[in-house]
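The entries follow in the order I made them.

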Amino acid sequence: MALTQQRKQEILSGFQVHETDTGSADVQIAMLTDRINRLSQHLQANKKDHSSRRGLLKMIGQRKRLLAYVLKNDREKYQALISRLGIRG
C-alpha cells in the first residue's frame, strides 16, 4: 500500500509550493488523498480487513485536520486544493 518513490515525486512536483518543499500542508494532503484512494480500492476487494479499515479512518481524520488548517489560513488555496484533488463532493 505504500507509495512508490516515482508516485511520490509526481505528487511532489504537482503540489510543491517551492522547489525544496516536501512537507507543506498541500503536499501532505495530496499524499494522504492518494493513499486513501488506494486503500479504499483495497477495502472494496477485501471487506473483512478491519485493521486496514482502521488505518484508513486514521488517514481520513489526519487529512480532515490538515484541510481545516488550510481553510483557516487561506480560503482560496483551500478551494483550489479540493477542486484539484476532487474531494468534498
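Entry 1, terms. I take contact to mean heavy atoms within 4.5 Å. Helices (H or I, at least four residues) and strands (E, at least two) are DSSP runs, numbered from the N terminus. The model is predicted, and I noted that local features need pLDDT of at least 70, side-chain atom pairs count only at pLDDT 80 or more, and totals for chains, interfaces and linings use all residues. Residues are numbered from 1 along each chain as its sequence is written, and side-chain values use heavy atoms, with hydrogens and water left out.

I found four helices and zero strands in the protein, in the order α-α-α-α from the N terminus. Along the principal axes, the C-alpha atoms fill a box of roughly 40 × 30 × 20 Å. I looked up burial and found that 35% of the 89 residues count as buried (under 20% relative accessible area; exposed is over 50% and partly exposed in between, with a 1.4 Å probe and protein chains only). The protein exposes about 6,200 Å², of which carbon and sulfur atoms supply 49%; the areas come from the Shrake-Rupley method with a 1.4 Å probe. Of the contacts with a separation of 6 or more, 48% are between residues 24 or more positions apart.

I wanted the angle and the distance, since two packed helices are described by the angle between their axes and the distance between the axes. The axes of H2 and helix H3 (residues 50–73) come within 9 Å and cross at roughly 155°. Axes are lines fitted to C-alpha atoms, for helices over the stretch in contact, and angles run from 0 to 180 degrees between N-to-C directions. H2 and H3 are therefore roughly antiparallel (over 145 degrees; under 35 is roughly parallel, 65 to 115 roughly perpendicular and the rest oblique). Their crossing is left-handed, meaning that the near helix is turned anticlockwise from the far one by less than a right angle; clockwise is right-handed. I listed the residues that meet, including Ile 29, Leu 32, Ile 36 and Leu 39 in H2 and Leu 56, Met 59, Ile 60 and Leu 66 in H3. By class, this contact of H2 with H3 has 13 nonpolar, seven polar and four charged residues. Nonpolar covers Ala, Val, Leu, Ile, Met, Phe, Trp, Tyr, Cys and Pro; charged covers Asp, Glu, Lys and Arg; the others, Gly among them, are polar.

The axes of H2 (residues 25–45) and H4 (residues 75–85) come within 11 Å and cross at roughly 25°, so H2 and H4 are roughly parallel to each other. H2 passes H4 in a right-handed crossing. Asp 26, Ile 29, Ala 30 and Thr 33 of H2 make the contact with Lys 77, Leu 81 and Leu 85 of H4. I counted four nonpolar, one polar and two charged residues there.

Which residues does Leu 81 touch beyond its neighbours within four places in sequence? I found Phe 15, Asp 26, Ile 29 and Leu 67. Leu 81 counts as buried because its relative accessibility is 4%. Thr 33 in helix H2 is also buried, with a relative accessible area of 4%. Arg 7 in H1 (residues 5–15) is partly exposed at 28% relative accessibility. With residues up to four places away left out, Arg 7 touches Asp 34 and Arg 38.
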